[in-house]
Amino acid sequence: MKKDADAAQDYVLKLSDLMRFTIYDSGKESVLLKDEISYLINFIDLQTARYHKDIDVNFEKEIENANTEIAPLLFIILLENAFKHGVEKATDNAFVHLKLIEDNNKIQFTVKNNYEAEETGKRIGIGLKNLKERLNLLYPNSHQLINNINQNIYSTTLEIYKK
């Protein structure tokens with residue numbers, strides 16, 4: 001029982017960190033990349049605890065400057081979609097692989113996940129639509145959002161080019 005209580009306390013702290021970031025930092029023009037990464041890690045931890053199945057989650061980071069500033073909450077939409085359309089529907093061998101690269105030229109965030117074949121649709125959800133609009137406003141002519149589907153693996157890469 002002590003182990004369950006400790007885990008519950010840990011999840012409550014992660015949830016409060018997520019909420020604090022969403023409430024206070026989402027209205028800022030920019031946040032530090034390291035804070036955005038912490039937000040994503042907390043989200044991943046809560047999601048993996050939520051599902052009662054094995055999920056292969058891998059978050060690879062190649063960061064030259066963790067204090068790089070970026071508009072808040074750009075990556076979370078892509079990560080949420082991986083869990084919502086991939087992990088939630090997958091019967092087994094669910095995975096979410098993330099890679100974040102930051103260097104002098106760009107910030108590149110890639111999410112890959114598997115999904116059940118019947119889940120695909122040509123319709124763009126509200127999250128991606130909003131993300132595209134935000135990117136056009138915040139990073140006009142200096143970003144790229146690429147989606148790819150190959151053998152039940154969905155991948156999205158967001159690149160933001162530094163000026």
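Helix H3 (residues 76-87) packs against helix H4 (residues 126-138) at an angle of about 165°, and their axes lie 10 Å apart. This makes H3 roughly antiparallel to H4, a label for angles over 145 degrees. Axes here are lines fitted to C-alpha atoms, for helices over the stretch in contact, and angles run from 0 to 180 degrees between N-to-C directions. Helices (H or I, at least four residues) and strands (E, at least two) are DSSP runs, numbered from the N terminus. Where the two helices touch, Ile77, Leu78 and Asn81 of H3 meet Gly127, Leu128 and Leu131 of H4, contact meaning heavy atoms within 4.5 Å.

The model is a predicted one, in which local features need pLDDT of at least 70 and side-chain atom pairs pLDDT 80 or more, while totals for chains, interfaces and linings use all residues. Residues are numbered from 1 along each chain as its sequence is written, and side-chain values use heavy atoms, without hydrogens or water.

With 12% relative accessibility, Thr110 counts as buried (under 20% relative accessible area; exposed is over 50%, partly exposed in between, with a 1.4 Å probe and protein chains only). Not counting residues up to four places away in sequence, Thr110 touches His97, Leu98, Lys99, Thr156 and Thr157.

Tyr11, by contrast, belongs to helix H1 (residues 2-25) and is partly exposed, at a relative accessible area of 33%. Neighbours within four places in sequence aside, Tyr11 is in contact with Asp45, Leu46 and Ala49. The C-alpha atoms of Tyr11 and Thr156 are separated by 28 Å, the two residues being 145 residues apart along the chain.

Note on methods: Parallel < 35°, antiparallel > 145°, perpendicular 65-115°, else oblique.
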